[in-house]
Amino acid sequence: MSKQVMGIDSNRVTWKYSVTEKEAATSKNKTSSPPFSIMKYQYPPVFKDFIIHLVQSLNSSSRAAFKFYCKGLIPDSMLDGNMATDVEFFALIESLQRSNHLSFTNMSLLKEILSSIGRRDLLQDLKKVKLRISIGFILEDYLKFKYVDGMKPAKNHTDIVDLLLTTEVENCDLITQVLLQFNSLCSDRNFLKKFTDVARLDSQLSWPMVTSSLVIIGELYASFTLHSKSFEEGSYVYWFSNTKASELLSDWIFVNGGLKMYREFIKEKQRATISESVPPSLRESLKENIDLLGIRVGYDKLKPFGFPLHEAIDGYSRKVLWLKVAKSNNKPEVIGGFFLGCVRECSGCPILVRTDCGTENGTVAAIQSYFRQEGNDEFAGEKSHTYGTSPANQRIECWWSSLRRARTSWWIDHFSNIVNTGLVDTKLSKECLWFCYERVLQDELDKVKHHQNTHRICPSRHSTVPGIPNVLYHLPHRSDGMDCKVTIPAEKVNAMEVYVHDDDDVDDDNDSAIYQEYFDFVLHNEMLQFPNTPDEAFPVFKTLLIIANR
């Protein structure tokens with residue numbers, strides 16, 4: 001357990017750093033990516049398509065000029081033919097490739113020849129191909145820097161990649177919404193086509209939209225395809241440059257001045273903003289993308305529908321320690337149970353816990369003080385717990401706000417629609433709603449937790465340590481942090497069990513377990529499948545209600 005102070009309010013818990021935080025570099029001793037797979041990725045389809053088009057477009061006089069231009073670059077034996085046939089001309093192209101005078105990363109010779117023979121049409125096509133490949137490299141650099149240890153963006157793309165990385169950091173909550181939506185809508189084969197169609201890349205582009213689109217496309221690639229241990233250099237250039245999204249983005253960039261104008265846009269935005277934060281226009285463009293996916297930003301909670309949430313987060317690493325849906329998030333024994341379970345799992349407690357002033361946190365305060373009563377540091381005993389207001393608990397408030405603006409808003413709409421049908425108006429119907437949806441909602445929260453704990457947090461203007469939360473949490477020394485876990489003997493943890501309870505054991509009417517047992521019996525007796533998705537849960541909910549009301 002890393003560097004912890006813990007902060008709790010009625011809906012969430014935060015573990016914070018107990019000493020001065022440093023803006024340290026991420027891990028040292030990083031590993032490099034696997035070697036470049038030359039044979040597999042050196043010929044992107046967009047490059048091969050252009051070469052084929054080039055060969056088929058040149059007449060005999062242009063081919064003769066092309067041949068003459070190549071004298072001295074390749075052996076004369078390769079220039080013996082008159083290049084009248086496509087076979088001979090393709091052989092010439094292959095000779096240029098073998099002699100390293102032509103590749104998808106070096107098309108300068110082609111540019112010189114096409115300029116010399118006056119084929120401006122092919123020269124324009126060549127520029128578009130180069131741009132598509134350059135955008136592919138930008139996307140790949142973004143993925144390498146963010147997800148592969150030890151990798152840095154190419155120097156000629158650093159400014160653009162930095163903008164993409166900053167955009168992701170400042171808008172991670174909005175991007176999470178897109179990832180959650182596409183994980184449920186798409187397979188690993190059609191996600192980029194789906195995004196291209198939904199985001200309307202052919203009609204709504206601007207520099208901010210280009211930026212946000214590249215960030216979202218990069219995160220979609222990471223979500224569906226990226227495995228850092230098998231990352232191959234050139235692979236994402238190969239894949240992305242041949243997509244419709246690449247074509248639409250590069251065409252717009254080309255018409256609007258190319259990467260040169262993109263860099264001018266970046267410079268203007270940097271001059272226009274004092275801090276390193278993303279300009280509002282970029283933030284709005286991300287919202288536009290999400291609105292196109294049918295997701296609305298919301299700030300309400302799920303408690304009115306009977307599904308209050310509770311979470312704990314480590315303030316140093318920003319690792320989510322738990323994110324639970326519970327029937328009650330204001331009962332001290334329930335929150336105490338979450339805390340004690342985490343202490344048991346980690347074999348220790350933080351040196352300091354911070355909570356809101358609500359009475360629901362009293363049990364956590366008492367247990368923490370008991371665990372730390374024999375300490376000899378400045379946070380020993382009762383000083384190991386402190387109360388504070390929610391606004392001051394910035395890390396947990398920021399993360400909780402992000403969660404509310406993400407997939408939670410969809411659930412609010414979903415439950416509101418169910419309530420508006422008039423079906424949820426009795427104790428029985430509310431218990432049935434819980435029975436059908438609790439596991440479905442918890443599964444989605446588990447995915448949100450996993451994404452938070454495994455994504456890379458980039459450097460920002462805030463006093464936070466960059467890196468992957470799981471790594472920062474378990475290996476704090478790699479980022480110049482301290483391990484502030486206090487080991488607690490198992491007997492002391494067991495002694496606190498009498499003061500906490502599972503959520504199901506503290507129902508107000510003490511009959512929730514009976515309802516849940518009844519619905520479980522009906523489900524199996526009627527040979528119904530337990531729901532795994534919201535779409536499956538609602539029909540089961542209606543069926544169980546009909547049977548229960550007979």
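A nonpolar core is a set of buried Ala, Val, Leu, Ile, Met, Phe, Trp, Tyr and Cys residues joined through side-chain atoms within 4.5 Å; buried means under 20% relative accessible area, exposed over 50%, and partly exposed in between (1.4 Å probe, protein chains only). The model on screen is predicted: local features need pLDDT of at least 70 and side-chain atom pairs pLDDT 80 or more, while totals for chains, interfaces and linings use all residues. Residues are numbered from 1 along each chain as its sequence is written, and side-chain values use heavy atoms, leaving out hydrogens and water.

**Whole chain.** Start with the protein chain, which holds 23 helices and eight strands (DSSP runs numbered from the N terminus: helices are H or I of at least four residues, strands E of at least two). Of its 550 residues, 52% are buried.

**The largest core.** Select Leu302, Phe307, Phe415, Cys436 and Tyr437: of the 34 residues in the largest nonpolar core, these touch the most other members. Next colour β3 (309–314), β4 (320–325), α18 (408–420), α19 (427–454), α22 (512–525) and α23 (534–548), the elements that give two or more residues to this core. The largest share, 10 residues, comes from α19.

Now centre on Phe307. Apart from neighbours within four places in sequence, Phe307 is in contact (heavy atoms within 4.5 Å) with Leu302, Val325, Ala326, Phe415, Leu433, Trp434, Tyr437, Glu438 and Leu441.

**A second core.** Select Leu143, Leu165, Val210 and Phe265, which are among the members of a second, separate core of 33 residues.

**Helix α5.** Go to residues 108–116 and show Leu109, Leu110, Ile113 and Leu114, which are buried. Look down the axis of α5: the buried residues fall within an arc of 125 degrees (taken from the directions from the helix axis to the C-beta atoms), so they line one face of the helix. An α-helix has 3.6 residues a turn, so residues three or four places apart point the same way. Just past the end of α5, select Gly118, which has a positive phi of about 75 degrees.

**Met78.** Finish in the loop between α3 and α4, where Met78 is found. Met78 counts as partly exposed, because its relative accessibility is 28%. Show Met83, Ala91, Ser95 and Arg98, which Met78 touches when residues up to four places away in sequence are not counted. Then draw a C-alpha to C-alpha distance from Met78 to Glu94: 9.9 Å in space, for 16 residues in sequence.
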